[in-house]
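Keep the 3D view open as you read.

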Amino acid sequence: MSKRFLEILKGKKTDRPAFWFMRQAGRYLPEYMEKRKEAGSFLDLCYNPEFAIEVTHQPLRRNKMDAAILFSDILVIPHALGQDLAFQVGKGPVLTPIDSLSKLNALSIDHLHECLSPIYNTVKGLSSTLGQETALIGFAGAPWTVATYMVQGHGSPDQAAARSWAYNDPSVFQKLIDLLVEATSSYLIRQVDHGAEALQLFDSWSGSLPEKEFERWCIHPTAKIIQNIRAIYPDIPIIGFPKGAGAKYPNFIKETGVTAVSIDTSMPLEWARDHIQSLVPIQGSLDPLLLAAGGDALEKEALRILDIFKDGGHIFNLGHGIVPQTPPEHVEQLSKIIRDYRY
Ligand code: CP3
């Protein structure tokens, strides 16, 4: 039995698009909330393979998607490099900011794999339990996005701390990015060693970078990571998600060598078909808030997306993660629309 999701990434034609949803495991599911409570905290959940495997399976039991993403977070990399990290309910991630060369020098890659070993065990457990039809996606944050959290110490609407540091002292900021390239490459290679069948790199904040900075802090590090992974695994599919990059997507695709890209909700669909899907398979891009709203409007927009992308490689997804207020029935409604669609 071949996996539809992987066939599409290989450029093959399938009976219908594949689909999965970012944050398909998460707070909109009561069974997730129960498991998180049992684990103690979100981070405890990420580092407990038995629980992380369970929450990855939860959405699939309701509703079989064509792929499942490893349950973890992009910020386990800074944590494994020695930065303090906590997730505060209602506030998101909180880290002790890396805002000087001495704090940067205090980080160390020496214990990376030891710290991340529970995650490798999650990947291994998922690889043997997902079954014949569901592909396993491993992931990491791209260096720029991870750096924005490391430098600011929390999420921010404009990523001002990292952007300023990158302007004020690019050579020191480059050291941070280089460390992240090295750690992320070897982290992702280990995920493939343990059974990940495809990888996704999340660059959620690449939209805040002007053209030249996008080239330096998004494209170059991503290209380097892909080169490092492909030196070991030449055929592993890698999906890039330079969220908010707009017209910079075609260059990103050509210069990084990604297998496919995820697009965000703001992208005009016909432009994306003509300038992106003509280069690589496309993943996206329904508005998560429309999924939360549901009803006829959801059905109409889902069919519009399916029709626009029907002549090329398409993995149906959202433009960003499922939001916590989403009724699980809406996820079922959308899954059925995609599952019933035929080329
Ligand atoms: O199904 C999946 O997608 C699960 C795996 C996953 C999570 N985070 C779980 C999570 C993935 C792929 C991520 C990626 C991630 N994490 C990104 C990139 C994608 C994006 O959202 O832009 C980023 C920027 C992070 C960092 C992060 N993690 C933030 C800013 C937050 C707080 C905001 C929020 O949504 O609460 C998190 C927490 C987080 N990561 C949750 C989950 C399920 C919610 C935690 C909880 O249960 O309280």
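Which residues line the second largest cavity? They are Arg163, Ala166, Tyr167, Ser208, Leu209, Pro210, Glu213 and Trp217. Before going further, note that this is a predicted model, in which local features need pLDDT of at least 70 and side-chain atom pairs count only at pLDDT 80 or more, while totals for chains, interfaces and linings use all residues. Residues are numbered from 1 along each chain as its sequence is written, and side-chain values use heavy atoms, with hydrogens and water left out.

A cavity here is a set of points, on a 1 Å grid over the protein atoms alone, where a 1.4 Å probe fits but cannot get out; its lining residues have an atom within 4 Å of a point. The second largest cavity has a volume of about 30 Å³, a volume being the space filled by probe spheres set on the points, which are joined across faces, edges and corners. H9 and H11 each give at least two residues to its lining, and H9 gives the largest share, three residues. (Helices are DSSP runs of H or I with at least four residues, strands are E runs of at least two, and both are numbered from the N terminus.)

Trp217 of that lining is also among the buried residues of H11, buried meaning under 20% relative accessible area with a 1.4 Å probe, protein chains only. Helix H11 covers residues 211-232, and its end C-alpha atoms are 31 Å apart, in agreement with the 32 Å that its 22 residues should span at 1.5 Å a residue; the expected span is 1.5 Å times one less than the number of residues. H11 has a kink of about 30° at Ile219, shortly before Pro221. This bend is the angle between axes fitted to the seven residues ending there and the seven starting there. Ile219 and Pro221 are both buried.

Now turn to H7, residues 112-127, which reaches 22 Å from its first C-alpha to its last. H7 bends by about 45° at Pro118, and Pro118 is one of its buried residues, as are Ile119 and Tyr120. The buried residues of H7 pack against elements including helix H4 (49-62) and helix H10 (170-193), with contact meaning heavy atoms within 4.5 Å.

H4 leads us to the largest cavity, where H4 and helix H16 (328-340) each supply at least two lining residues. This cavity holds about 40 Å³ of space, and H16 provides the largest share of its lining, three residues.

Conventions
Buried means under 20% relative accessible area, exposed over 50%, partly exposed in between (1.4 Å probe, protein chains only). On a 1 Å grid over the protein atoms alone, a cavity is a set of points where a 1.4 Å probe fits but cannot get out, and a pocket is an open set with protein on both sides within 12 Å along at least five of seven lines; lining residues have an atom within 4 Å of a point.
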